[in-house]
Every structure is written in C-alpha cells, then in structure tokens.
Amino acid sequence: GEKSVKEVFEDTLKKYSLETVVRVVETGCMGACDLGPILVIYPEGVFYQKVNAENAAQIVEEHILKGRVVEKLLYKGDTGELKTKPQEELPFFTEQVKIATRNLGVIDPLSIDEYIARDGYFALHKVLFEMGPDKVIETLKKSELKGRGGAGFPTWMKWDFAKKAQGNPKYIICNADEGDPGAFMDRAVLEGDPHTIVEAMTIAAYTVGAQKGFVYVRAEYPLAIERLSFAMEKAREYGFLGDKILGTDFSFDLEIRIGAGAFVCGEETALINSIEGKRGIPRVKPPFPANKGLWGKPTLLNNVETYANIPPIIINGGEWFSQYGVEGSKGTKVFALAGNVKNTGLVEVPMGITVRKLIYDIGGGIPRGKRLKAVQTGGPSGGCIPLEHLDTPITYDNLKKLGTIVGSGGMIVMDEDSCMVDVAKYFLEFTVEESCGQCTPCRDGTRRMLEILERITEGEGTMEDLELLKELGENIMATSLCGLGQTAPQPVLSTMRYFWHEYEAHVLEKK
Ligand code: SF4
C-alpha cells in the first residue's frame, strides 16, 4: 500500500502548498514487515505505522500543519502504551547491528548523492588509491566474513582463489536469485541500497582483475531490477563504473541478467549455465567457478548480502567486523523472521545470538499466548531447531550439529499447533518441484519420499514407511550431484530426529 500512501501524502502537501517545504523520500525496507507501511516524520523522527491512503492525508493535516501527533497511528505494542519513536526504544530495532542493511530505510535508493553522503564509494576510492588487491584480501581475511548465501565459505579465500586463477578475462557475479521461501534480505538490499552492490562488485573486480560483471536477479524482483539499473547508470555517470574508473586505468562494467525463477539457478554452476544462455542445471564440481566458471574463465561469485558487507569492512577494517559475532562465525547476519512470531520482518544481528533472544526479545515472542514448538532455518535446504535447543547460539557449526544450517537466513517460527510432518512435506513438495531432474537420486528419490509422506499424512502409512523414508533421505543426501539434492531430505530427517513421535502418531493413529 506504500504507493497510494505516497500519492495521497504528496497530493495533500500540494493542496496546502507545502510541496516545496516538505520532502517525501521513498526509502528501502525498514525490516518491520508487520508495521508497514511506515511513515517517519523528520526532524522529530515520529514513527507512524500501518499507514493507509486515508490516514496519510490526516498526518499532513494534523502533524505537519498543526504540529499534533496522530495518536491512533503510533505504535502501541502489547501493553497499549503509545510510542512516538519505537525505532529508538523497541528491542526489534535497538538490538540490531546493521552493517549489510545499514542504509535500508535511511537513504533514498534512487539518490547516489545520499549513498555518497553515507560514505558510499569511499571504500572503492580507498581500494583504488590506498590499498591495492592484496590488502583487500588481507582485510577480508581479518574480518572472517563467510559467504552469506548459504554455504558459509570464507569470502577472502574465494577472492584469493579468483585472484590467483590463471585465465583471461575474469568475471564477477552477484547471485541475487534468492529462492528460499521466506527469505527476502537480498531483495531488500537491492531495492533499498543498490549502490552498495555496484560498489562492492567493482572492488571485487579490481581485486581479482576482472573487467566484466553480472548481477543475476530473479524476474520476480522487478523493483530491485529497476533500482539496480538506475544505480548502475548513475554510477557510470559519476565515474564509479565503466571506463577508467575514478580516472585510473581500471575499467569494469556490469550487466543484469534476469533469471526465470528456477530455485536451482541459485546454485552457482546452474546460475553460470543460465547466464551463458544454457539450461540452468548444475555442473559437476570440481572445477570450481574460481578456476573455470563463466565461459570457462575464472569467476568470482558471491551473493547480495555478502557483497553488502564489503564496503563497510574496507572502510572500517577487518577487525572492526570481527568484533561482532563469536569464534568461527563473525560479523552479523540478516535473518528473515516469519511464521508464528509477533514481529515478522528482516533483522540484522550479530552471529552467536541465541535462538531465544532472536525469537523472544527481537521477534516479540509467539502470538496469542501459544508455545513455541520449533524454528525452521535454512529453508528447504535446512532443518528445524526444537524448543529444547532454544539457548543455542546461532553459528554455522552449532546449527550444523543440530542438523540444520544458517543458510540464507530464512527463519520460520512454528507454534505448538504446527504439524511437523506437514512442515516437512511442504518443503519436500517444493524441492520435488524445483529438482532439475539431471540426476536420479534427487529426481526420483525425492518423489518417492514425497509419496511416502503423502501416505503417512493421509493415514495410510506404516512403520516400514518411516524406516524407508529415513533410508531414502540419507541415500539421496549422499549421492545427489548438487546442493539441492544433497540437502532436500534435511527438513524430513531433521523433523524425524526431533519429532519422531509425530510421525509415529500419524502411522499408529490411522484414520
Ligand atoms: Fe538437479 Fe537435483 Fe541433481 Fe541437483 S541434485 S543436479 S537439482 S537433479
């Protein structure tokens, strides 16, 4: 509803000849999904929530013209206490450490000047004129940043491999094919702060010696595509992209490639095939893209959130970034809170935060006084964290031990009424649909697993089915070609591990 709010707001300003006095700035996502559309009046910083076209006019007439706060649109929270500036008081906002999402909800994504005013392109300048490629890699090593797309591979190592790889030309790719149901942080960054991706990719290109880059964005993100294209145009105009960047001999340019929405194209080699115009199916690895990627040439590929961390790391140093987080999982991570949690939305928090703090302090707990049952992390490639592990710090290793992954940061909260067998079935239906069909374990195995789950949920399953389900899952994970098949059974195996009694109940209490 944001578009109509903006229209009415601007029309009402015009009606009172205020259009030159009050500037309306459309920002990116502030993360608080359940409070939107949000309208903040500056300089006071008064925060209006759930604004619609009708009350937008009222804000102009009451707040702007008469200086009276419109109380009914203020945040009330659980206690009913009115808060004029929840962004300065609520744990949802105050407990976050925003690095990758630092500019979201702050700047106008269509204004390169506002990006520059927030230190934008300063990191690029520093890299070109002060640091040079080796220092960039050293800084990334100190930062201990790991790939935020799912695999959690050390970013500095990837950049170093691509830098040292023999071959010409080299390519830079940004994976913006965000396909996990419930995850939308990459979209938010592209829509709210597109220049950060342009800047980070240009830094990456200079570091590894590339002249050409591609941003692979899914077609379902038209606003992200529009804003990124505009940012690229502006960056060229200002000399941050294109020929002889900032007057140096370094040239680099970007192109957007639009993906048709196949989940498997988020896998790096399938994505590369897709950019090459081939069918988007994964390749056998090795060789890895750093040595033999796009058109067989060395290619550096990171996802949106990983790139969004690069400029602040370059400006503030690797140690600054690694002060956040815990051993083995440094920095911050953006999570997309969804499901049975009060404060749904995007949050960026230091790694190592406990699941409890994330769900109860920042997320506000479970609605309607229900009890938490489990949290699904990592989307269709992940698994669940049950109630008894609520105090587990969120790190790459800890979640792996629990049988799930950090993944891209999707976090679906489930209350006591959720059926874990249904949850597993939902994710498996998704991967069956999205399997590229190239290899047998994934193509046929996941289908057989789904058939068994359907039998079980229809009250036709047997105890043998449960055994077979487990065995099939383990074999598919061990023998599939790519990450999609290697992780597809995880939601089933993970729920079987923690909620075996629910599977048993489905089988034993037949209809
Ligand atoms: Fe395709 Fe699945 Fe095999 Fe991956 S594991 S190559 S998605 S069939």
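The domain assignment divides the chain into domain 1 (2–89), domain 2 (112–321), domain 3 (326–415) and domain 4 (420–508). The model is predicted. The centres of domain 1 and domain 2, taken over C-alpha atoms, are 35 Å apart. Domain 2 (112–321) and domain 4 (420–508) each supply at least three residues to the shell around the ligand.

**Ligand shell**

- The ligand is surrounded by 15 residues, and the closest of these are Cys 436, Cys 439, Cys 442, Cys 482 and Gly 485.
- Helix H16 (440–457) and helix H18 (483–487) are the elements that contribute two or more residues to this shell.
- By class, the shell around the ligand consists of 9 nonpolar, 5 polar and 1 charged residues.

**Packing of helices H15 and H19**

- Helix H15 (residues 420–434) packs against helix H19 (residues 490–498) at an angle of about 165 degrees, and their axes lie 8 Å apart.
- Because angles over 145 degrees count as roughly antiparallel, H15 is roughly antiparallel to H19.
- The crossing of H15 past H19 is left-handed.
- On the H15 side, the contact is formed by Met 420, Val 421, Val 423, Ala 424, Phe 427 and Leu 428. On the H19 side, Pro 491, Val 492 and Thr 495 take part.
- The contact of H15 with H19 comprises 8 nonpolar residues and 1 polar residue, with no charged residues.

**Backbone geometry in loops**

- Lys 285 and Pro 286 are joined by a cis peptide bond, with omega near -5 degrees.
- The bond from Pro 286 to Pro 287 is cis as well, with omega about 5 degrees.
- Pro 286 sits in the loop between helix H10 (268–275) and strand S6 (299–303), and Pro 287 is likewise placed in the loop between H10 and S6.
- Tyr 121 is not a glycine, yet its phi is positive, at about 65 degrees.
- Tyr 121 belongs to the loop between helix H4 (112–117) and helix H5 (122–143).

Note on methods: Residues numbered from 1 in each chain as written. Predicted model: local features only at pLDDT ≥ 70, side-chain atom pairs only at ≥ 80, totals over all residues. Axes fitted to C-alpha atoms, helices over the stretch in contact; angles between N-to-C directions. Helix = DSSP H or I, 4+ residues; strand = E, 2+ residues; numbered from the N terminus. Parallel < 35°, antiparallel > 145°, perpendicular 65-115°, else oblique. Left-handed = near helix turned anticlockwise from the far one by under 90°. Contact = placed C-beta atoms within 7 Å. Nonpolar A, V, L, I, M, F, W, Y, C, P; charged D, E, K, R; others polar. Near = placed C-beta within 6 Å. Domains from an automatic or database assignment.
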